[in-house]
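Subject: Model handover

Hi,

Here is the model I said I would pass on.

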Amino acid sequence: MPQLRVKNGPAQGKAYPLTAEVMQLGREAEVQVLDTAASRHHAEVFAIGDMFFIRDLGSRNGTLLNEEPLKPEDEALLRVGDLIRIGATQIVFEEPGTQRFEHPEFTSGEEDIGTTVELPLDTELRAPAGQAPADVHYSVLFDVAKAVSQAFDVKTMMQKVCDIALGATPADAAYVFIREHDRLVPVAHARRVERGRLKISSTIVRRSLQHSRALLVSDALSDSRFSSSASIAMQGIRSVICAPLLAHSKIAGVLYLHSAALDRAFTDDHLRLVTAISLQAAVAIAAIRAHEESRQRLVSVFRAILTAHERTGARGIEGHSDRVHACAQAICSVVDIPPAEAHTIELAALLHEIGTIGAPAAAAERAEGREEARFEFATAGADMLRNIEGLEDVAAAIEAHLERLDGTGGPRHLIGHQIPRAARVVALADEFDSRLSSLGSAPHTSDAIKRVLVGLHEEVETRFDPEAFKGLVVALRSGRLPQA
């Protein structure tokens, strides 16, 4: 739930959950501001649905939002991270339920890393003579195979890989780092116990990457040669496995497992298992990236065609398709929508007016305000895309994006959940941009955004999907839709 948190002054750290429709800020208000510059009832935050706005109540010294003074008539939309200032008191608008990724800290320097076992990735793995591979390995690798076969994005897949690796080994923590522009970026992690920030040995990671080898660094604290090393003691390293994510001679990153307990040290068997997991994951990463590159090329082609069409059209809609695409993308990022469906929604949003290509400008102009003509263009666009293999769901979303939940839309007069979710998201994104654009060019004022959102809110459950509308509000509130 969104809240206001006092950042400084006598009440520093005090949080006020926004549970009421209206909450006032001031010396004698629900959100108490202990500041000599504050009026008794200085400002108020009010809710319209899931949207939160702030306005000054005619205070003597005024209210600042992100260091800009609120005018008497201003009703500013609040976004996560916005800073309200009354006198010298700073109050931040935030959503504590929003989880942030825990970024580990890399140690620097050439620290001692203890007893090391190296496994070159071109090694042919065989079970020791007379010993069959453990059945548990088959089960773990089967789980990894399932996870990677169902993956559509790297982060989701690698989170599953972290969870599997943590459960299959004595690790306290598992991290995945992906190479992006010559930097290692953490994209997933799993921990048995949350105990402060984990420190990652840059020496271990660097050696693994440089030599393309999986490393097992074991029991450095109990080894008399290294027990006096300050860096090892600081990290609490008992046992580490670092395995490169290597596929097609390219390293995508590393899988890093850490154990600080003497009785939970890694073995050679764990090294082989984690190496097998990392190799499977690396192949999946390469496939996901190849698919994404192909998808982006397709999107770029469509975007170029639509941009040229919008520039030469007579309707003054240049950039509309791109903005609807960005809006739908923002909604998908905050609503629990699977990645494959999100891709369908984003492409349908970009192409929702593709049916107007080839239509005479006069016909497109006349379609404005005539729903039957707009239905025809939606159907024409869907028919175009049905001829392209793999775009059947995109076509269905485009054909249905003018439907309404109460059945008064078209072209097929579908009702409620008969309308594909992709179409419901595109419908809202399309209308949001159309209404906002009619009020002028970006960046738009808070008042303009408020007027559009209030208007859309009035049609939720009759025309627009409630879940999609809530996603739009959260996307605006969290800054995921900056062009608005």
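First, the ground rules. This is a predicted model, where local features need pLDDT of at least 70 and side-chain atom pairs count only at pLDDT 80 or more, while totals for chains, interfaces and linings use all residues. Numbering runs from 1 along each chain as its sequence is written, and side-chain values use heavy atoms, with hydrogens and water left out.

**Sheets**

Helices (H or I, at least four residues) and strands (E, at least two) are DSSP runs, numbered from the N terminus. Two strands count as paired if DSSP finds at least two bridges between them.

At the β2 end, β1 (residues 3-6) is joined to β2 by three bridges, running antiparallel, and Leu-4 has Tyr-16 in β2 as its bridge partner. Four bridges, again antiparallel, join β1 to β11, with Arg-5 partnered by Val-92 in β11. At the β8 end, β7 (residues 64-65) pairs with β8 over two antiparallel bridges, and Leu-65 sits opposite Glu-68.

The other open sheet has five strands in the order β4-β3-β5-β6-β9, and its pairing is mixed. Here β4 (31-32) and β9 (76-77) are the edge strands with a single partner each, so again one side of each has no neighbour in the sheet. Within this sheet, β5 (residues 43-48) and β6 (residues 51-56) pair antiparallel over six bridges; Val-45 is opposite Ile-54 there.

**Pocket**

How much space lies in the largest pocket? About 1700 Å³, where the volume is the space filled by probe spheres set on grid points joined across faces, edges and corners. A pocket here is an open set of points on a 1 Å grid over the protein atoms alone where a 1.4 Å probe fits, with protein on both sides within 12 Å along at least five of seven lines; lining residues have an atom within 4 Å of a point. There are 45 lining residues, and the closest to the centre are Lys-155, Cys-332, Ser-333, Val-334 and Arg-480. Elements giving two or more residues to the lining include β11 (89-94), α2 (154-168), α5 (268-312) and α6 (320-334). The largest share, five residues, comes from α13.

By class, the lining splits into 19 nonpolar, eleven polar and 15 charged residues. The classes are: Ala, Val, Leu, Ile, Met, Phe, Trp, Tyr, Cys and Pro nonpolar; Asp, Glu, Lys and Arg charged; the others, Gly among them, polar.

Nine of the twelve residues of α7 are buried (under 20% relative accessible area, with exposed over 50% and partly exposed in between; 1.4 Å probe, protein chains only), so α7 is largely enclosed by the rest of the structure. Among them are His-343 and Glu-346. The buried residues of α7 pack against α5, α6, α10 (392-400) and α11 (421-437), with contact meaning heavy atoms within 4.5 Å.

Pro-420 lies in the loop between α10 and α11. Pro-420 is partly exposed, at 29% relative accessible area. Pro-420 and Glu-403 are 17 residues apart in sequence and 9.8 Å apart in space, C-alpha to C-alpha.

Cheers
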